[in-house]
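Please keep the sequence and the 3D view open while reading.

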Amino acid sequence: MKINNENFDFHKSESFLILDNHKGYYPNPMIYDWCTGAKNENGKLIAFNLTDNQSTNPEKYNENCIWINKEIHLLPTVKFIRPEGVHKTWQIKDKLGMIDLKFTPTVENSFLLNLLIIKSDYYGPFGIFEGFIKLQNFGKIYLNDYFGMGEQKFVRG
């Protein structure tokens, strides 16, 4: 990658990219919580995606999963809890005890807009995840010091 005539090398064994690309039809207003994180440990990439959105029948249709290298494992629905608000530690858990994560924002990122008929409250901080995701075939996968981001989004318009 080149930025301002300076080259940055990324080696396959040490690098990864998180890309959020999706298409959805959401109700008005649109409300959702989302997070993702990843880490390459000793050549093994572990990444996850978790959301609590307005999908129809989220127990059956959701985008919650964990990747272990190129293998994907589906995960149950989750809830996001922010006892001290979006700028402090978040908790992400499921009802089955498979997911127990804490996300601590370290870089704030927000977009707030209120034009009466159009409103957007978007918080998308970057930060660090700690905790575990439990899989039947793998046991608990501890996610300590995982970089990622979270979102709390409300859009009306």
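The lining of the largest pocket has 11 nonpolar, five polar and two charged residues. The model is predicted. The volume of this largest pocket is about 390 Å³. In total, 18 residues line the largest pocket.

**Largest pocket**

- Ile-18, Leu-19, Thr-36, Asn-49 and Trp-67 are the lining residues closest to the centre of the largest pocket.
- Three strands each supply at least two lining residues: strand 3 (30–41), strand 4 (44–52) and strand 5 (65–68).
- Strand 3 gives the most to this lining, with four residues.

**Cavities**

- Rolling a probe the size of a water molecule over the atoms shows where empty space is left.
- How many cavities of 30 Å³ or more are there? The count comes to two.
- The largest cavity has a volume of about 60 Å³.
- Asp-20, His-22, Tyr-26, Tyr-32, Trp-34, Thr-51, Asn-53, Glu-63 and Glu-151 form the lining of the largest cavity.
- By class, the lining of the largest cavity divides into three nonpolar, three polar and three charged residues.
- The second largest cavity has a volume of about 40 Å³.
- Lining the second largest cavity are Val-86, His-87, Glu-108, Asn-109, Ser-110, Tyr-123, Gly-124 and Pro-125.
- In the second largest cavity, the lining residues divide into three nonpolar, four polar and one charged.

**Strand 12 and its partners**

- Which strand is joined to strand 12 by eight bridges? Strand 9 (residues 99–107) is joined in this way to strand 12 (residues 126–135), and the two run antiparallel.
- Opposite Lys-102 stands Glu-130 in strand 12.
- Strand 14 (residues 146–156) pairs with strand 12 over four bridges, in the antiparallel sense.
- Phe-126 has Met-149 in strand 14 as its bridge partner.
- Strand 13 (residues 139–142) also pairs with strand 12 in the antiparallel sense, over four bridges.
- Strand 12 and strand 13 form a hairpin, with three residues between the two strands.
- In a regular strand the side chains alternate between the two faces of the sheet.

Note on methods. Residues are numbered from 1 along each chain as its sequence is written. This is a predicted model: local features need pLDDT of at least 70, side-chain atom pairs count only at pLDDT 80 or more; totals for chains, interfaces and linings use all residues. Side-chain values use heavy atoms; hydrogens and water are left out. On a 1 Å grid over the protein atoms alone, a cavity is a set of points where a 1.4 Å probe fits but cannot get out, and a pocket is an open set with protein on both sides within 12 Å along at least five of seven lines; lining residues have an atom within 4 Å of a point. Grid points are joined across faces, edges and corners, and a volume is the space filled by probe spheres set on the points. Ala, Val, Leu, Ile, Met, Phe, Trp, Tyr, Cys and Pro count as nonpolar, Asp, Glu, Lys and Arg as charged, and the others, Gly among them, as polar. Two strands pair if DSSP finds at least two bridges between them.
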